[in-house]
Structure formats: structure tokens, C-alpha cells
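Here's a quick tour for anyone meeting this structure for the first time. Have a look at the picture, then read on.

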Amino acid sequence: MEVSRRTLLKTTAAGAGLSLAGFGFNIPSVKAAVKGFKLDDAQEYTSICTFCACGCGMVGYVKNGKMINLEGDSDHIVNEGGLCSKGASMSVIPNSENRNLKPKYRAPKSDKWVEISWDEALDKIASKIKQVRDDNWIAQETENGKTYNVNRCDALSFVGGAQVHNEECYLISKMTKMLGVAFLEHQARLCHSSTVPALSTAFGRGAMTNTWQDLKNAKAILIEGSNAAENHPMSAKWIMRAKAQGAVVIHVDPRFTRTSKLADIHAQIRPGTDIAFLGAIINYILETESYDREYLLTHTNAAMLVSKDFDFNEGLFSGYNEEKHSYNKKTWAYQLDGAGKPIVATLTHPDSVMMKMREFYKRYDLQTASNITGIPAEDIKKIAEVMINNRPGTVMYALGMTQHTVGVQNIRSFTVMQFLLGNVGKPGSGINALRGEPNVQGSTDFAVLFNYYPGYLNTPNHKQQTLDEWTQSSGTFRRKFMVNLMKSWFGENANAENDFCYPLLPKLNASQNYSIYRIFETALEKKMKFLYITGQNPLVTSPNLNIVQAGLQNLEMLVCADPFETETSCFWQKREGVDPSTIDTEVILLPAASFLEKEGTLINSSRLVQWRYAGLKPLGEAKQDIEILDLLFQKIREKYANSTEEKDKILKLVKWDYPADNRSDAVLKEINGYNHKTGQLLKGIGEIQADGSTSTGCWVYAGVYANGENQTLRKDFQTDPSGLGIFPKYAWTWPGNIHILYNRASCDKNGRPYDESKKLVWWDENAKRWTGYDVPDVPLATDGPATANGQKPFRMSGEGVGRLFGAYYADPETQGSLPRDTSYTPGDGPFPEFYEPVESPTKNILHENVASNPCLIYPRVKGFQEIGNKADFPYVLCTSAVSEHWCSGAYTRNVPWLNELVKETFIEMPHSLADKLGVKNGEKVKVNSARGEVVVKAMVTNRIHTLNINGEECTVVWMPYNWGFKGLSSAASTNLLTIDAGDPNTWIQETKACLVNVTKAGV
Ligand code: SF4
């Protein structure tokens, strides 16, 4: 009999009386104590934590409709029963008196909420959406004399959410496309939007490569730009397991934190200089010839020949257009053979990627990197040697890397380093993007972002009027998935004759940016009329908050769906600088169910899709988001029922019919997809057809409902045949239950594992197929090493191999003129080059005339986006979160226990600065940037030191961003200070490095 850890714990507790008898205890009284245990007769259910994307399992206990206990699920493969302070305190939430219990309405100029019914609330919202849509519809746009159908409304916007389930994200994506919405965004834009293009450039996919449990297999762990121990606490469990087996842990971060405490080496880096640091590591590997030659030749583009037109000079790559701040990427191509494939030569060919890379990186010597980063040269060398001598090694990173104007290229640097070391695709290797919110991976998978459709398919733009034109830039490989998405959305109404309803879809203007920053900027221009937000609080988490406040004030209607009031939903409330009587925005606050009252799936950072049960009825009149979205869209369709207008045809053709008592399950099935010839649910990606005979709402999730069974319910935490932490029957990972992405690269050219002691997959010559402990990540399991498909470890890139150089490349189809697949190339360079942050305390010593990212366009809005300089703002501000509060604190600042642990915001500064300012620990200081000002307490520590940068002193200060004016603990928002200059690829803001001044308050 298999005994679960949870069963064992319970059995042990019940048996305690018997064993205690031997120690002379009074058995009847022990039995009575056990009998009276508070969980007796309680109903038990499992849920998943709602904070970081470790995705910890929880067990809730419910008695008489109330939650009486919540604890970590000891049968869970990630947390094994543990919870951090945030997760452990969540039993307060379902019983909280501060929850939103009824829909509320704030009229224009009013200073109060009025309770309204759900019917009234939904009717008001649906009417407003219809009015704004009808009044602002853009049927066509003209460019250079040519007219394009665009089917869009740019006055409607939706935000959220990484807090809601996959099924809810899918419905948000689907509904907004039917309404013609381009402005669809969520928190991923602000936290990890740079991850997807960076990892996709190198690997073909944009997700965390390995798993939380796999950290234990690493011999070296480089944690950079992440305070993992505090912000992804459960990862520390697996880091410590690796350490117990001898792994060396390195922490590179501007502060000494609890993560540094568990590391063997801590290097204090100046915020925004990671490319210089990693460039020096890469250069050291190249100069000492410490790279994995066999791996490079077999699995990467190192020996492919680069176009002779490619060049790099004085901070600029070839093809730069100064006026447009952008590159023509065509000179970043390969030399091609007659079939349009890259020519492969040797690692020493002068045109090879390898030789170009050597030339490029030789500028990044140890001393230059030290001058830029502040890390002593000998420490950089030491870290390089640790990574070289301890393979496989892995990388963990978070927002310290992503939130920069070079966010994409920061992460690209990891990919170059890891390829050189042969550290991708193997157990204990990879690049682990520590996704933040509980379902930010899912909300990205389901494209709650303007630039993707579900499954990372490019959003059609005005130049792609037909599916063929879309395919021209996306490839036939992805066209199949687009057709299947249309079949999911439109059912039998989508067919080859009508181009699968593709012409009805909204088309972005290819030259426009529809990111969350632009939502508020467009509102400033009075062009954005309506905003719906679920599970996000931009008036705390967005940078440069003055723009957010001003934008909200210019909307006609704001709708927020949340369990608690947030700063965003209450932006109109009276406080310094805000007078409700001058604000015309109508606001509707919908009471959303808390995560403990919801069912559906969410996906953790390592792509583990898990089912959450709703063990409780939502408090008051709260509803699950899936119900709210369903009811709202039904209401909108009702309002269009009699329309005969062309623009409304799409609302008639869309398939939208979910059972009220089982919505999440029905939507998950739609996401999985069907074979319409047999009526069966798809078993996996391999069954997806291009001809419209199958459908899938998100192709990477095909198989999540294989064999008619919801795979996310699986809980076998004991079967791990490899001992590597794979657990193939625990829930389900995308794609196709592959746990370690690119695992073909754990084998040599012939399909034999590089390390027999940690083998993962291999080619079975007898069975003539790829097999192993994990699902092999290969194009076709029966295509062996002797075939072209057998040598495609990075099958999602056009080349099929890993890309050190992000070449401009489209893989041709063997027949026809359409490409089979295209590879992604970042807009700001095929190699990662170091540029200073927009607000920098020093010059760029690599190329003084090209100081910051040359593709950057900032400021965008005059009067709101000032840039500070060192003379006025001499200190570098870095921001992140404290362990006890989550993001904007919408949940955690409503939990008394967590407020007791950390009750207010502060600024952390070194003793040298405190002495200079005459400030003592706990005294108030004024912090101001070119954009805003706050007063907070000083926390004087020796966890940050003044750095030596280019021969001058550079002081770094740090602030948490978790506070705002609502909740049980309120304080000034740090994001009043931060800058919203963005990476040119994804527009992610530079929250990790801006300039501020600090003075003693009241002086
Ligand atoms: S916040 Fe993260 S580590 Fe903490 S309990 Fe939740 S999922 Fe686990």
C-alpha cells in the first residue's frame, strides 16, 4: 500500500496515544486530546498558493462553511509541506472582514461608494463597453495610400491577470479579441516580459528550462538579480539540497540578503551592469578555452557562418538608423547554402559565430568589467572558475535582470554563458526564470498581452490581412496552431473557405505599441475611455505612478475585480493632491472570489499545471472571475443581438457556451482541444492537424486533458524513477509533459547521455525511438540521430539548434514560398552589448558616445517623464519586494500577521551615506527623483557598500515597492520615484536602476 506523507502524518498523530503509553502518559487523556483535535470532522481540500510561482500546495480545512486551518501540503512535490510566511498566513483571507462583499459603484465627482446589484453592475459595464466600442470603432486604416482592414477599438483596454486561472486568462484573451481590443496587458509586461524574447532567441521557447526540484542536481548555482530565498522561498529548499551534495552557490546582487547568506560567494554589483559582468565571464571562458567544444558543435550555431555584412563598431551594430532608433536586422543574417540553410563550417572559421563572438567579447576583460560593475576583478574570475569547474551548473534569475532597458540582452547573456559551458538541456543545468506571480506563466501562455495570441503566436497586424500573409512572417509550423486556435474560438464557423475567420480578427497597427504604459499614456491624451482590471494594482506596481494616477482620472469608466479594495480601484479617494469632486471617472468595483474559493488550473514557474479546488463558497456576493467574465460577455452579446453591422459579425460567430455549474472544466477541455472527426479530446500536440479537423485553444496545452482525464489532478508524488525530481505522474507540464526542456541536448550526437549517472533521455537503438525518464524533447520520437530531426535539440528555433548569435533567419519550407519557421532576433542586437541605464551615475567606458541603449525612445510624454542626472540625484535606487508582502500588497497588507512582521516601507542605505546625511537608523528621510518624492524611514545597514565605479564612489540605496495608501498598513509608494523608460523589445521598465537624492526629512 502506498502511504502518502499526509496520511502518514495523520496516522502518526492518531497513534500517538499508543506509543505514549510506553512513556507512562495517561492514555485516556491523550486519546481525548487527539479526539478533540480541531480538524476532526473538517472537510479537507487542496489548493495552490497565490503568491510566487513556486506553486506550493496547500491543504485547507473547512468546518461549517468556514476555513479553520490552512497548511502546506506534505504530498506536494515542490514544497513537501512547507509554506513561507505569506502562504502560511492565508487562512485569514476567506474570513476577512475587509473583503469586498458586494459590487460597488462610484459616480462621477462622488467621494463615496454605493452598493449595487450584480445585474446593475454588469449591465452598466456591458453598456459602456458597447458605447465605447461603437463610438470608437476603427474599421480601416490607411498607410502610404493603401487601406487595411483593422477591426479595432483603441479606446477599450483590459489588464490582468497573473492572479487568475488559465481558463480565465483564456476567456479574457478570447473575449477581448471578439471586441476588437488591442490594449490587453497584464503584470508580465512589468516583470518578465523580457524573458520570453530573450530565451526564445536562444532556445526557441521563452520559459524556465528546468524545475524547482531539479535545482538539487546542480553542482553550481548562479543566482543573479534575484533574492530567491525571500521572494521564491521554496526554491531555497532545493538550493540547500544541492549544497548538501557539494554544490557551490553564487549570489550576484546589489544587496547582501538572505539569499547571499546561504550562498558561498556574494558579489555586490551596481544595478544595471549585469551584461558587463556576464560579458567578462563569457570572455574568460573563451580566453581560457574552457568551453564545451563538442556541445557547441553538436547543439549550437557556433560553427555557422555569419553574413559578411555583419559588423559592430563603437556601440552600434550594423544596420543602425539613427533617426528611427532602430536596426535593419538583415545584416545579422547567416551565409546560406543553395537550399537556404546556414552554412556550417568550423569553430575557427573567421566568419563563424564563434570567432565573431571572440572578437566581440574580448573588450570585456576582468578589469573593465570591474570598473563598470564595482565587483573586484578577482571575484569575477573566481565566479567564472566556479562555473567552469562545477558542471552542470544552473542559473536562477528574476526581476533584477528583467527590469532594465537592456532586460532582454541581460538574459541573453545567460544563454551565451550556459551554451559555452554545455549547460542547457541536462539535469542540474539550464536557465531558471523565477516567475513571480502564481499564474504569470499561464497568463503569458494565454496571451493576456497585446503582442501574442495563446501559445506565443504573433498577434496579426495590419500588414497581415490574410492567414497566408500572417504565415509569411510566422511560418507554416505555427500556422497550424493558429488555425486550431480559430477553430476553438469559432467552431464550425471557421473553415478554409473563410480563412478560418482570420479576416474578422483585430489587426494591430504594426508601428504602434499597445503596452500597459501606453494604456495610461493614451488615457492622458483622453483617447482611452474604458479600462477593466482584474488581479492587478497598477497604482502601486507600475513605474512613475504620477502617470497612472493622471491616466485613471481621464478614463470614462474603470472596472476593478478584486477581493479587496486596492489603490487602483480607490484612486479617486481624497488624499493629498487628489480631490474626488474634480474626477469624472465612473468606477465599478466587483467583489472577486479569493484564490481559496476558486477552482481551475494555474501553472507554476516550472510549467507544472495544477488544479485548484474551490473548497469554500465565495464570501458575501463575491464571484469567481470565470463567472464574472462569462456573465459579462453574455451580457455584451445580448446588447448586440439585433445588430446587422459588419463589425459585430464576429460576436455572432464566436463559440461561447459554457455550463454554469462546470465552467472551468469545460474551458480546460476547449483549451486542450478536440479531434472533430472523432469528437475525442486530443491526446497531445502530435494530433494537431493543419486542415481544420482539430482544434486547440492553446497548442502547448494539448494533452492536458489526454484520454479524457484531467491530467492536472494527478498527485503521484512518489514515482520518480530517475531520482532526478521528474515525477512524471504528478499534475502535468507543458509541452507534452516534458519537464526539462531541450533534454535532447543531454545526449551526444549519437543520442547517448553525456552523463550516464544522471541520464534523462536517450535514443534506444533496439526500440528505434527516443525514450527516457522524461518525455524526450524531439520533433518525432522515432526520428533517430541519423536523421535531421534527430539533431534538433532546440526544435522550436528555425535552425533547430541553440543560438549564441541571434541571427536574422527564416527556415524555408521544402516546397512553396512560405517559410517553415522563423527565429526571433531582438531589435537591439544579435549579441548582448552593455549600455548604461537611462539614469546613470557614470559614463559608458566602452563607448562614451552611445551611453544607453541606442534603440530606446524616451521620454514619450512631455512633462511626466523627466530624466535625472548625477549632479541632482547622486544615488542609485534599486527596488524589489520584502519576503512578507506580495507585489502591491493587495492581499498581504490586509493580513494582520504579515503587517506585524513588516509594517511599513523604508529605505535601506549604507552607514557611509547615513553618516554623511547625519541620519540614524529609524529616522525619516526624504527621497526624491526627477519624477516624484516620498518620505520614509531610514534602515541603515552594512548590507550595501559604497562601490568604486570608474574610479569614483557610487552609493546604492534600496526600497521595497509593496506599499500604497490602502490596506491595513499604508505608506508612500516607491514607484512614485521610478522611471518608465523601457527595453525597446518589450518596453519593460527600468525599475531596478534610477537616480535619486536622499536628505534628512524636515531639514
Ligand atoms: S509565496 Fe511562494 S514559497 Fe511562499 S508559500 Fe507561496 S508559493 Fe510557496
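## The sheet

Two strands count as paired if DSSP finds at least two bridges between them. Keep in mind that this is a predicted model. Here, strand E2 (residues 57–63) and E3 pair in the antiparallel sense, over 6 bridges. Along that pairing, Val62 sits opposite Met67 in E3.

In general, strands of a sheet pair through backbone hydrogen bonds, either parallel or antiparallel.

## Around the ligand

Which residues surround the ligand? They are Cys49, Phe51, Cys52, Cys54, Gly55, Cys56, Leu83, Cys84, Lys86, Gly87, Pro233 and Met234. Helix H4 (85–88) and helix H10 (233–244) are the elements that give two or more residues to this shell. By class, the shell splits into 9 nonpolar, 2 polar and 1 charged.

Now for a pair of helices: H22 (residues 516–524) and H24 (residues 545–553) pack at an angle of about 55°, and their axes are 8 Å apart. That angle is why H22 and H24 are oblique to each other. Their crossing is left-handed.

Who touches whom? On the H22 side, Phe520, Glu521, Ala523 and Leu524 meet Ile547, Val548, Ala550, Gly551 and Leu552 in H24. The contact of H22 with H24 has 7 nonpolar, 1 polar and 1 charged residues.

Definitions and conventions
Residues are numbered from 1 along each chain as its sequence is written. This is a predicted model: local features need pLDDT of at least 70, side-chain atom pairs count only at pLDDT 80 or more; totals for chains, interfaces and linings use all residues. Side-chain values use heavy atoms; hydrogens and water are left out. A residue is near a molecule or strand if one of its heavy atoms lies within 4 Å of it. Helices (H or I, at least four residues) and strands (E, at least two) are DSSP runs, numbered from the N terminus. Ala, Val, Leu, Ile, Met, Phe, Trp, Tyr, Cys and Pro count as nonpolar, Asp, Glu, Lys and Arg as charged, and the others, Gly among them, as polar. Axes are lines fitted to C-alpha atoms, for helices over the stretch in contact, and angles run from 0 to 180 degrees between N-to-C directions. Angles under 35 degrees count as roughly parallel, over 145 as roughly antiparallel, 65 to 115 as roughly perpendicular and the rest as oblique. A crossing is left-handed if the near helix is turned anticlockwise from the far one by less than a right angle, and right-handed if clockwise. Contact means heavy atoms within 4.5 Å.
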